[in-house]
Amino acid sequence: MTSAPSLSDRGADLSTASVSDALDSLGLPGSLHGIGALHQGRRTVGPVFTVTYEPVDETGGTVGDFLDDVPAGAVILIDNAGRTDCTVWGGIMSETAHERGIAGTVIHGTCRDVAVANTTGYPVWSVSRFMRTGKDRVRVAAVQTAVTIDGVVIHPGDILVADDDGAVVVPAARWDEVADLARHIDRVEEAIVQVVRDGATLAEARARHGYHALQTRKDPS
Ligand SMILES: O=C([O-])CC(=O)C(=O)O
Ligand SMILES: [Mg+2]
């Protein structure tokens, strides 16, 4: 007997663009503005393991203390308040996370050892890249508590989808609804392209399939 697919498996086909449009149409936030892909051509989906950092003024702060506690398949979501002058992620951590089957890391902050993440294929998203370490500059303040990034409140276990366009988070309780809607949007967009291939103008194709309102918030009935 095969087991039911996990939440994250069921999103493996979804792009961040269609998930973002689905969230818009439901009036939900979730797109994490300012966080981009470290390498193009990688994608991930999975439940988030949240990590919150805070600054330290004295020695003793360090990065990555939480990593041994992250389960396989989780996406690590690090909130360092958008700080870009010191890292919260590096190559040893990419190698370790890759070894453990962790699904990826998304950082509201910066990271280093980009070449290592590149070589291992471990997927990382961040605000920027920079080489100065967070050791003695930051420390882990909390794990698995709610974080707020770009005004989006994210709880442990919410589902994060990331690809070349960035990262978007969906509340776990709304995942099925959002994923179904995103899939519907994908089908409509494919149909528009097919109509164009069949000879219609883009304007005709879009009008026929209601392109401009695909993501428009629908009045709750
Ligand atoms: O100091 C850091 O950002 C961590 C680091 O370089 C590594 O994990 O290799
Ligand atoms: Mg390093």
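**The ligand site and its setting**

Mentor: Met93 is buried, with 24 other C-beta atoms within 10 Å. That count is computed on a predicted model. The cut-off for buried is 20 or more such atoms, so Met93 qualifies. Met93 sits in helix 2. Leaving aside residues up to four places away in sequence, Met93 touches Gly64 and Leu67.

Now take Ile92. Ile92 also belongs to helix 2. Its setting is described by another count: Ile92 has 13 C-beta neighbours inside 10 Å.

The shell around ligand 1 holds 13 residues. Thr87, Gly90, Ile92, Met93 and Thr133 are the closest of them. Helix 2 spans residues 91-100. It gives the most to this shell, with three residues.

Next, the record. UniProt, in an unreviewed entry, places the feature "binding site" at Gly90, Gly91, Ile92, Met93 and Arg112. These positions are spread over 23 residues of sequence, yet they cluster in space. The largest C-alpha distance among them is 10.2 Å. Gly90, Ile92 and Met93 are named in that annotation, and they are also among the residues closest to ligand 1.

Step back to the whole chain. It has five helices and ten strands. Its radius of gyration is 19 Å, close to the 17 Å that the globule rule gives for 221 residues, so the chain is as compact as a globular protein of that length. Along the principal axes, the C-alpha atoms fill a box of roughly 65 × 40 × 35 Å. Of the 221 residues, 39% count as buried. Consider contacts between residues at least 6 apart in sequence: 76% of them join residues at least 24 apart.

Finally, one pair of strands. Strand 9 covers residues 159-163 and pairs with strand 10 in the antiparallel sense, over five bridges. A hairpin of two residues joins strand 9 to strand 10. Within this pairing, Ile159 stands opposite Val170 of strand 10. Strand 10, residues 166-170, is mostly covered: four of its five residues are buried.

Technical notes:
Residues are numbered from 1 along each chain as its sequence is written. Chains are lettered from A and ligands numbered from 1 in the order in which they are written. This is a predicted model: local features need pLDDT of at least 70, side-chain atom pairs count only at pLDDT 80 or more; totals for chains, interfaces and linings use all residues. A residue is near a molecule or strand if its C-beta atom, placed from the backbone, lies within 6 Å of it. The radius of gyration is taken over C-alpha atoms; the globule rule is 2.2 Å times the number of residues to the power 0.38. A residue is buried if 20 or more other C-beta atoms lie within 10 Å of its own, exposed if 12 or fewer, and partly exposed in between; C-beta atoms are placed from the backbone. Two residues are in contact if their C-beta atoms, placed from the backbone, lie within 7 Å. UniProt positions are given in the numbering used here, feature names are shortened, and annotations may be inferred rather than shown by experiment. Two strands pair if DSSP finds at least two bridges between them.
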